[in-house]
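Please keep the structure open beside you as you go.

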Amino acid sequence: MIEVPRGALTANRVAAEAEFFSFGTNDLTQLTYGFSRDDVGKFLRIYQEKKILEKDPFASIDTEGVGSLVQTGVQLGRQGRRNLKLGICGEHGGDPSSIHFFEKVGLDYVSASPYRIPVARLAAAQAALSVRVGD
């Protein structure tokens, strides 16, 4: 599991020892923002109202921050091991916009809560098609 920013930034060295890894996007989000998922509910709505955050970064991947770490981890990981299998583990795996982002950066799989699997499958198929046609 790549759950801390340093893991993503040194993914080439991790990949030299691993055949696959999964980005723990919930933990990466906590550490990147410095937010505790236990406490964020107390102020997240205020941050959204004041336009500090557009959306809940625990529900939909922050492509500029956390997403950049994932993308860097994918690129470095594949430098360390060309056939490395990469995915994510977390609630972002059930969010359609996050799935589209993960397809663009080249992840092989996402995992999600069982009740989110039907939506995740549909979003993954749509994302794969949109990447192939250049959307």
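Predicted model: local features only at pLDDT ≥ 70, side-chain atom pairs only at ≥ 80, totals over all residues.

1. Gly-65 sits in the loop that links α4 (44-49) to α5, where helices (H or I, at least four residues) and strands (E, at least two) are DSSP runs, numbered from the N terminus. At 22% relative accessibility Gly-65 counts as partly exposed, a class that lies between buried (under 20% relative accessible area) and exposed (over 50%), with a 1.4 Å probe and protein chains only.

2. Residues are numbered from 1 along each chain as its sequence is written, and side-chain values use heavy atoms, with hydrogens and water left out.

3. The strands form an open sheet of 3 in the order β1-β2-β3, with parallel pairing; two strands pair if DSSP finds at least two bridges between them. Because β1 (20-24) and β3 (109-111) stand at the edges, each with a single partner strand, one side of each is left without a neighbour in the sheet. From one strand to the next the twist averages 25 degrees, and angles run from 0 to 180 degrees between the N-to-C directions of axes, which are lines fitted to C-alpha atoms, for helices over the stretch in contact.

4. How many bridges join β1 to β2? There are 5 bridges between β1 and β2 (residues 85-89), and Phe-20 has Lys-85 as its bridge partner in β2. Helix α3 (residues 25-33) lies across these two strands, β1 and β2, and runs at about 50 degrees to β1.

5. In helix α6 (residues 96-105), the residues Ser-98, Ile-99, Phe-101, Phe-102 and Val-105 are buried. Seen down the axis of α6, its buried residues fall within an arc of 160 degrees (the arc of the directions from the helix axis to the C-beta atoms), so they line one face of the helix. Just after α6 comes Gly-106, with a positive phi of about 95 degrees.

6. The largest nonpolar core has 21 residues, and those with the most contacts inside it are Phe-21, Phe-23, Val-70, Val-74, Leu-86 and Leu-107; such a core is a set of buried Ala, Val, Leu, Ile, Met, Phe, Trp, Tyr and Cys residues joined through side-chain atoms within 4.5 Å. The helix that gives the most to this core is α5, with 5 residues. Leaving aside neighbours within four places in sequence, Leu-107 is in contact (heavy atoms within 4.5 Å) with residues including Phe-23, Val-70, Val-74 and Phe-102. A second, separate core of 5 residues includes Val-40, Leu-44, Leu-53 and Phe-58.

7. A search of the whole structure finds 6 aromatic pairs, where rings of Phe, Tyr and Trp (its six-membered ring) pair if their centres lie within 6.5 Å, and planes under 30 degrees apart count as stacked, over 60 as edge-to-face and the rest as tilted. The rings of Phe-21 and Phe-23 have centres 5.7 Å apart and planes at 85 degrees, so this pair is edge-to-face.
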